[in-house]
Amino acid sequence: MSDKQPTTLLEALPQGVRRSLMAQKCTVKYEPGAQILRQDEDTRDVFFINYGKVRVTYYTEKGDRLSFTEMYAGQSFGELSAIDLQPRTANVVAIEETSLTRIRHTQFRSLLRNYPDFAHFVMCQMTALIRRLNARMYELRALDARHRIYAELLRMAENGKLENGQTIVNNPPTHTEIAARINSHREAVSRTYRALIREDLLEKATKKLILKDPQALQERIDQCLERN
């Protein structure tokens, strides 16, 4: 493996292979609101996000929608079905104009076999996914709704923009989306946001949230966990 560790799916490929993908015109663009993948559909390809943002959601057997996460430029999705050839486990929708590089599942599996750096990177991505899901399961058991909202705000902040010690989250999820992610309801999210605004820990602006002191939210979560 090379000394420089890749940070994205495409970076894990040799430069010549990346150029070949571009030459094959594998780039696909989606408008905001466009459905990219549907849960249970029988497709296998992998997608790398060149720019834009997508939302990953899942519907239970009762029809309830659970929102897993949002994904950004540099991230990828679709690997599970490409590996095990099973139907899609979730829906993926473009939140804003999004450009994707599409890798056919047969090519993806060939890349796994032929390029150790690439295979290692994909394994690390799968491990990270498992860890994130485990963390969410733990939060559901150990934190009340208010502190789960704090935790979700901190996850959103990981992809936010740092500015003067504050974190700006552009195009944040709606209250309903946040509620779906943490297994709560919209009113709880609205109530928690209002309280944070009063405490000057959160500011809402047009199509953005400003977390004024993310560390304060983390400390509250830590204190809640210690009590439990």
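I began with F47, which is buried because its relative accessible area is 2%, where buried means under 20% relative accessible area, exposed over 50% and partly exposed in between, with a 1.4 Å probe and protein chains only. The model is predicted, so I kept in mind that local features need pLDDT of at least 70 and side-chain atom pairs count only at pLDDT 80 or more, while totals for chains, interfaces and linings use all residues. Residues are numbered from 1 along each chain as its sequence is written, and side-chain values use heavy atoms, with hydrogens and water left out.

**Aromatic pairs**

I looked up the aromatic pairs and found two in the structure; rings of Phe, Tyr and Trp (its six-membered ring) pair if their centres lie within 6.5 Å, and planes under 30 degrees apart count as stacked, over 60 as edge-to-face and the rest as tilted. F47 and F77 are stacked, because their ring centres are 5.4 Å apart and their planes stand at 15°. F47 belongs to strand β3 (residues 46–51) and F77 to strand β6 (residues 76–77), so this pair ties together parts that are 30 residues apart in sequence; helices (H or I, at least four residues) and strands (E, at least two) are DSSP runs, numbered from the N terminus. I also noted that F77 counts as buried, at 6% relative accessibility.

I then turned to F108 and F118, an edge-to-face pair with 5.6 Å from centre to centre and 75° between the planes. F108 sits in helix α3 (residues 105–114) and F118 in helix α4 (residues 116–142), so the pair joins parts ten residues apart in sequence. Both F108 and F118 are buried.

**Salt bridges**

My search of the whole structure gave 16 salt bridges, each being a side-chain nitrogen of Lys or Arg within 4 Å of a carboxyl oxygen of Asp or Glu. One of them joins R102 and D45, whose closest N and O atoms are 2.9 Å apart. This pair links distant parts of the chain, since R102 is in strand β8 (residues 98–103) and D45 in the loop between β2 (35–37) and β3, 57 residues apart. I recorded R102 as partly exposed, at 28% relative accessible area, whereas D45 is buried, at 7%.

I next checked E199 and R220, which form a salt bridge with the closest N and O atoms 2.5 Å apart. E199 lies in the loop between α7 and β11 (202–205) and R220 in helix α8, so parts 21 residues apart in sequence are tied together. E199 is partly exposed, with a relative accessible area of 40%, and R220 is partly exposed as well, with 22%.

**Backbone angles**

Which phi does N164 have? I read a positive phi of about 55°, although N164 is not a glycine. Most residues other than glycine have a negative phi. N164 is in the loop between β9 (161–163) and β10 (166–170), and it counts as exposed, at 76% relative accessibility.

I found a positive phi for N183 too, near 60°, again in a residue other than glycine. N183 is in the loop between α6 (175–182) and α7 (186–198), and it counts as exposed at 56% relative accessibility.
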